[in-house]
Amino acid sequence: MFLAAAVQMRSGNDRTANEARALALLGQAAERGATLIGLPEMWEHIGPAREKHAFAGPVEGAQLARIRDFCASRKVWCLAGSIAERVREESRDRSAGSRFYNTSALISPDGTIAATYRKLHLFDVDIPDGARYRESEQVAPGDAVPRALDTPFGVKLGLSVCYDLRFPELYRQIGADLLCVPSAFTAYTGRAHWEVLLRARAIENQAYVLAPAQVGRIGPPNENRFAWGHACIVDPWGEVIADAGGEDEGVAIASIHPARLSQVRRDLPALQHRRRDVL
């Protein structure tokens, strides 16, 4: 058994302020005993792509340096939500242009980067509340399904980011025991779909779900962007076992029990009943 934490933030376009707040919330979670702590999607910056050029770079570069130092000093794991990873010059093509990857990173207690994942599904949607989202204008899509990662906790961990949550086939391919979904779900879609989608992914994969989230008005003040919040943790039976609510920044913490995974999969062996010969 170990404690996991899902951080809830309200990020803007001041990266320095966002980083300071992220470190403070990571500290709160560590003080409460969490050894795996997740930050939300785009915790470092929500704003125009032109601003990201000032700090975006490789995952091993300066952007995650202070988070990595925190992990090493506090001996915790951190799911570093997602950051703007600059597309390497040699990998650029016409479709990538000057965009960035929306990249999630898992940092180990010695400060090394244990795994990375580039968001596959990009959010290009017009929300009926008047907000327009065109993630593909800023972000280049990834091209690889992440592999489930072995951890010292006795569970396999799988990475994904936000809009990926609507594509269940991705999680089937990952095949993890603990699914990570750092997000900035819109208030409009989150109200209707956030919890039910998280619970569905947990139930159908008989896995825990760790879902850090953005909350409230996010991004520059002139942008009509509101996030649903409710950073939460869901167990393999689909029960929400921790929820940070929909108003303020904070942390949702819950215990992850490998034995609970075994129990659910033993009592309802649906994963063993998959028709891999035809599906």
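Rings of Phe, Tyr and Trp (its six-membered ring) count as a pair if their centres lie within 6.5 Å; planes under 30 degrees apart are stacked, over 60 edge-to-face, and the rest tilted. By that rule, the whole structure holds six aromatic pairs. One of them joins Tyr163 and Phe167, edge-to-face, at 5.4 Å centre to centre and 85° between the planes.

The model is predicted: local features need pLDDT of at least 70, side-chain atom pairs count only at pLDDT 80 or more, and totals for chains, interfaces and linings use all residues. Numbering runs from 1 along each chain as its sequence is written, and side-chain values use heavy atoms, with hydrogens and water left out.

Tyr163 is buried, with a relative accessible area of 18%; Phe167 is partly exposed, at 22%. Buried means under 20%, exposed over 50%, partly exposed in between (1.4 Å probe, protein chains only). Ring pairs also link Phe123 and Tyr133 with Tyr163 and Phe167 in a cluster.

Charges meet rings too. A charge sits over a ring if NZ of Lys or CZ of Arg is within 6 Å of the ring centre and within 35 degrees of the ring normal. Arg118 lies over the face of Tyr101, 4.0 Å from the ring centre. Arg15 has its charged end over the ring of Phe55, 5.5 Å from the centre.

Now the interior. A nonpolar core is a set of buried Ala, Val, Leu, Ile, Met, Phe, Trp, Tyr and Cys residues joined through side-chain atoms within 4.5 Å. The largest has 45 residues, and Leu36, Leu198 and Leu210 have the most contacts inside it. A second, separate core has 27 residues, including Trp43 and Leu64.
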